[in-house]
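Here are my notes on the model you sent. They are set out as numbered points, to be read next to the structure.

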Amino acid sequence: MFFRSKPVGSYRYLQIVHSVREGKKVRQQVIATLGRLDLLEASGQLERLMRSGLRHCESFAVLDAHAAGEIEPVAIRRIGPDLVFARLWKECGIPDVLRSILKERHYEFDVERAIYLTVLHRLFASGSDRAAERWREDYLIPGTEGLDLHHLYRAMAFLGEAIEELESLPGRFAALKTSWKKPSSIAGGISLAKWS
């Protein structure tokens, strides 16, 4: 069922119609004509009819109450940072690389998600792991709901072990630590420099 505005002469009439299949054809059957649209709008009857119908539609009733300022949201979670960065994170293969490195270890939490959270935080807000944990409360970042501050510390300690291993490698590669607070650093962390 749906509303249809039907022109008759110089006026438009508001009708409630529904589609009926007759053989291979579908035609609209009028259930009721509510009256002239201009008069329904001017008198407020159309708005009252719609509000009356909203009482029977729970999801619309919530939206209508929110629009009228009758209810306050319990929580507002932003989704932008994850929408922007998650695809790039996956296309670069970072989750697969981290999970393959972590396969031998037996962490009781998702280290890849903890690293993702801290990198995302540093890209959009900057600050410490403690700040990342507080920042996460305002954002919807899948897979990070069960992470606590000590998980973020342990994930960063894991990355620190990787830095120490790279620094101890002889030869052509050296790991350079970049400052988390350095403004020119996009995400902070580790960068590899190739020495000739």
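1. What covers the buried residues of α4? The cover includes α5 (94-101), α6 and α7. Please keep in mind that this is a predicted model.

2. The buried residues of α4 are Pro81, Asp82, Phe85, Ala86 and Trp89. Viewed down the helix axis, these buried residues lie within an arc of 120 degrees, so they line one face of α4. The other side of the helix has Leu83, Val84, Arg87 and Glu91, which are exposed. Just after α4 comes glycine 93, with a positive phi of about 80 degrees.

3. The largest nonpolar core has 22 residues, and those touching the most other members are Trp89, Val111, Ile115, Tyr116 and Ile141. Two or more residues each are given to this core by α4 (80-91), α6 (111-124), α7 (129-136) and α8 (149-168). The largest share comes from α6, with seven residues.

4. For valine 111, neighbours within four places in sequence can be set aside; the contacts are then Leu102, Ala155 and Phe158.

5. On confidence, the protein averages a pLDDT of 79, and 81% of the residues score at least 70. The pLDDT is below 50 over residues 172-196, a stretch that has 43 contacts in the model beyond near neighbours in sequence.

How values were computed: Residues numbered from 1 in each chain as written. Predicted model: local features only at pLDDT ≥ 70, side-chain atom pairs only at ≥ 80, totals over all residues. Heavy atoms only, no water. Core = buried A, V, L, I, M, F, W, Y, C linked by side-chain atoms within 4.5 Å. Buried < 20%, exposed > 50% of the residue type's maximum accessible area, 1.4 Å probe, protein only. Helix = DSSP H or I, 4+ residues; strand = E, 2+ residues; numbered from the N terminus. Contact = heavy atoms within 4.5 Å. Arc of directions from axis to C-beta. pLDDT = per-residue confidence, 0-100.
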